[in-house]
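Here is a short tour for a first look. Keep the sequence and the structure in view as you read.

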Amino acid sequence: MLHNTYTTVNSNTSVFVPFSSVSHIIECSEKSVERHGETCWIQFHSGKSIHILESFENVTADLEEYFKVLNNK
């Protein structure tokens with residue numbers, strides 16, 4: 001998997017994320033989980049970030065799969 005599509009918290013729109021542009025993932029606070037459910041922030045190499053409606057664990061698993069694909073090339 002080289003990319004995935006997620007839904008943003010604020011605008012509830014789909015966003016295409018190429019994993020090669022991801023710097024790191026930030027788990028959300030309990031207050032955010034209470035308001036929105038499981039969410040996390042994706043930080044990009046550009047310094048920009050997005051808040052998405054996906055759990056930290058799921059996005060981490062997606063990124064780990066990306067690194068596995070890279071290592072098998």
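## A cluster of rings

Which residues do ring pairs link into a cluster? The answer is F19, Y66 and F67. Keep in mind that this is a predicted model.

The count of aromatic pairs comes to two. Take F19 and Y66 to begin. Their ring centres lie 5.9 Å apart and their planes meet at 45°, so this pair is tilted, between the limits of 30 and 60 degrees. F19 sits in the loop between β2 (14-18) and β3 (22-27). Y66 belongs to helix α2 (residues 56-71).

Now take Y66 and F67. Here the ring centres are 5.4 Å apart and the planes stand at 55°, so this pair is tilted too. F67 is partly exposed, at 42%.

## The sheet

Three strands make an open sheet in the order β3-β4-β5, and the pairing is antiparallel. Which strands stand at the edges? They are β3 and β5. Each has a single partner strand, so one side of each has no neighbour in the sheet. From one strand to the next, the twist averages 20°.

Look at the pairings in turn. β3 and β4 are joined by five bridges in the antiparallel sense. In this part of the sheet, E27 stands opposite C40 of β4. β4 also pairs with strand β5 (residues 49-52), antiparallel, over four bridges. I42 has I50 as its bridge partner in β5. Q43 has S49 as its bridge partner there.

A hairpin is formed by β4 and β5, with four residues between them. G47 lies in the turn and has a positive phi of about 95°. Is strand β4 mostly covered or mostly open? β4 (residues 40-44) is mostly covered, with four of its five residues buried.

## Helix and core

Helix α2 lies across β3, β4 and β5. The helix runs at about 155° to β3.

In soluble globular proteins, nonpolar side chains tend to be buried together. In this model, the largest nonpolar core has 13 residues. Which of them touch the most other members? They are Y6, V17, F19, V22, I42, I52 and V59. The elements that give two or more residues to this core are β3, β4, β5 and α2.

V22 deserves a separate look. Residues up to four places away in sequence are not counted here. V22 then touches V17, I42, Q43, F44, H45 and L63.

## A buried threonine

T8 is found in the loop between β1 (3-7) and β2. Is T8 buried or exposed? T8 has 12% relative accessibility, so this residue counts as buried, the cut-off being under 20%.

What does the side chain of T8 make a polar contact with? The partner is the side chain of S11, at 2.8 Å. Leaving aside neighbours within four places in sequence, T8 is in contact with T13, V15, H51, I52 and L53. One of these, I52, is also listed among the core residues that touch the most other members.

Note on methods. Residues numbered from 1 in each chain as written. Predicted model: local features only at pLDDT ≥ 70, side-chain atom pairs only at ≥ 80, totals over all residues. Heavy atoms only, no water. Phe/Tyr/Trp six-rings, centres within 6.5 Å; stacked < 30°, edge-to-face > 60°. Buried < 20%, exposed > 50% of the residue type's maximum accessible area, 1.4 Å probe, protein only. Pairing = 2+ DSSP bridges. Core = buried A, V, L, I, M, F, W, Y, C linked by side-chain atoms within 4.5 Å. Contact = heavy atoms within 4.5 Å. Axes fitted to C-alpha atoms, helices over the stretch in contact; angles between N-to-C directions. Polar contact = N/O pair within 3.5 Å; in protein donor to acceptor, adjacent residues only side chain to side chain.
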